[in-house]
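Trainee: I have this one open in the viewer, and I'd like to go through how its pieces pack. Can we take it step by step?

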Amino acid sequence: MKITIIGTGYVGLVTGACLAELGNDVFCLDLDQAKIAMLNGGGIPIHEPGLAEIVSRNRAAGRLHFSTDIAASVAHGQVQFIAVGTPPDEDGSADLQYVLAAARNIGKYMTGFKVIVDKSTVPVGTADRVSAAIQEELDARKPGSDGIEFSVVSNPEFLKEGAAVEDFMRPDRIVIGCDESAAGQQAQALMKQLYLPFNRNHERTFWMDVRSAEFTKYAANAMLATRISFMNELANLADKVGADIEAVRHGIGSDPRIGYSFLYAGCGYGGSCFPKDVQALERTARSYGQELHILRAVEQVNNNQKHVLGQKISERFGADLSGKHFALWGLAFKPNTDDMREASSRVLLGELIARGATVAVHDPVAMTEAKRVLALDLAATAGAFERIRFCDNQTDALQDADALVIVTEWKTFRSPDFEQMKTLLKTPIVFDGRNLYEPEVMGDQGFEYYGIGRSVLARG
């Protein structure tokens, strides 16, 4: 099939590359000329395991094209995926300006039946606004647009950063919302054909109305965010009452009604999905006169959780950290990505620098992006950014540090040389924001250890 992907960001690029991998002829549109030049030159603007190989292979095979030509993109695909950004607006609602601009461009240039697929994460009712924008453009072209039909479909993505290619190629579910009109039924047939390769083993597609599909995406991310904040709040209580949150996690996760996923305590979630989607769902509810009290609490708990490591450090070293130097492992909001959006490391680094400390940091892939965003975060304070030293490897970051702080759970941090760590650190103290290590083991190794919700401190 001929497919057009509008937007070559995280969702658009993964979607386009994976659909090309299945044999489709995919045209990827982006108005960012520098990004298109990078992609046509063999580069990749994001870090995602396995993505570069798929893009390279399908570009070479002639199944994947990158361009800034809007008219050509509309002419190419009978199915047009809108996968542009929907950043949070000032009030927390999703900003749909790029989605609606894409819709208007489709309406401006289309000459025959098109299926327009909302792949971006959008609020309930967006398909109606997309449809209206397209129709306005068609009406403006009359009489030349008479008889041109289209259908807007909701097909939300459920891709985890760091595992997006695997998630797309082996989905646990495919959610598609279509309307019941004749055009909607034609769209359903085309979407069924497109996703047929994913359903050969068993049916993974959940068909529903458009608004329910739009709602499903927000509901899924809100539920996962709720589980994380729930465990983080319990972890903070566990520290006070003398319980071990890891033992609690095993105890409740064994209940099949609960399960083990997303029950890990830590120093807060980040990224582009959970924070934005929770806020957008809250904003949608308020527009209908309803308050989502649980989600408001989820958001507040997460914001507070990003300060927990800083509080633990202050309790140990004092509020004034002048003269103190820390090693920090992990900058990205999660492993296997260079995404720094809403990352807990940004909050912690801001606190440590403001209290007078210096920090040596390392992340396996996010160093370039981290330098960019941290320079912006700390720009208001003269000399603040210069108090951060960016290290090429995790070992270098440890040299003469008063303590090691772990913020991102990269696999390479899980089994370090503890004897070497003790030699390099000024004092053998670890603040583990992701509970990578066992307190008893760390105590036996001679470390003073502080986890999240692991109240019995390791012996030094």
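Trainee: Which way do α1 and α3 cross, left-handed or right-handed?
Mentor: The crossing of α1 and α3 is left-handed, a term used when the near helix is turned anticlockwise from the far one by less than a right angle, with right-handed used if it is clockwise. Helices (H or I, at least four residues) and strands (E, at least two) are DSSP runs, numbered from the N terminus. Keep in mind that this is a predicted model, in which local features need pLDDT of at least 70 and side-chain atom pairs count only at pLDDT 80 or more, while totals for chains, interfaces and linings use all residues. Residues are numbered from 1 along each chain as its sequence is written, and side-chain values use heavy atoms, with hydrogens and water left out.

Trainee: And what's the angle between α1 and α3?
Mentor: Helix α1 (residues 10-21) packs against helix α3 (residues 51-60) at about 55 degrees, with the axes 9 Å apart; axes are lines fitted to C-alpha atoms, for helices over the stretch in contact, and angles run from 0 to 180 degrees between N-to-C directions. The pair is therefore oblique, since angles under 35 degrees count as roughly parallel, over 145 as roughly antiparallel, 65 to 115 as roughly perpendicular and the rest as oblique.

Trainee: Which residues make that contact?
Mentor: From α1 they are L13, V14, A17, C18, A20 and E21, and from α3 they are L51, I54, V55, R57 and N58, where contact means heavy atoms within 4.5 Å. By class, the α1-α3 contact has eight nonpolar, one polar and two charged residues (Ala, Val, Leu, Ile, Met, Phe, Trp, Tyr, Cys and Pro count as nonpolar, Asp, Glu, Lys and Arg as charged, and the others, Gly among them, as polar).

Trainee: Switching to α9, how does that helix pack with α10?
Mentor: Helix α9 (residues 210-241) and helix α10 (residues 245-253) pack at about 135 degrees, their axes 10 Å apart, so α9 is oblique to α10. Their crossing is right-handed, and in the contact M231, L234, A235 and A238 of α9 meet I245, R249 and I252 of α10. That contact has six nonpolar, no polar and one charged residues.

Trainee: What about α9 with α11?
Mentor: With helix α11 (residues 274-287), α9 packs at an angle of about 115 degrees, the axes lying 9 Å apart, and α9 passes α11 in a left-handed crossing. The contact residues include F215, Y218 and I228 of α9 as well as F274, D277 and L281 of α11, and by class the contact holds ten nonpolar, one polar and two charged residues.

Trainee: OK, sheets now. In what order do the strands of the six-stranded one run?
Mentor: The order is β11-β10-β9-β12-β13-β14, in an open sheet with parallel pairing; two strands pair if DSSP finds at least two bridges between them. At the edges are β11 (388-390) and β14 (448-450), each of which pairs on one side only, and the twist averages 20 degrees from one strand to the next.

Trainee: How many bridges join β12 to β13?
Mentor: Three bridges join β12 (residues 403-406) to β13 (residues 429-432), and V405 stands opposite F431 in β13.

Trainee: Which helices lie across those strands?
Mentor: Helix α13 (residues 308-317) lies across β9 (325-329), β12, β13 and β14, running at about 155 degrees to β13, whereas helix α15 (residues 367-377) lies across β10 (358-362) and β11, at about 160 degrees to β11.
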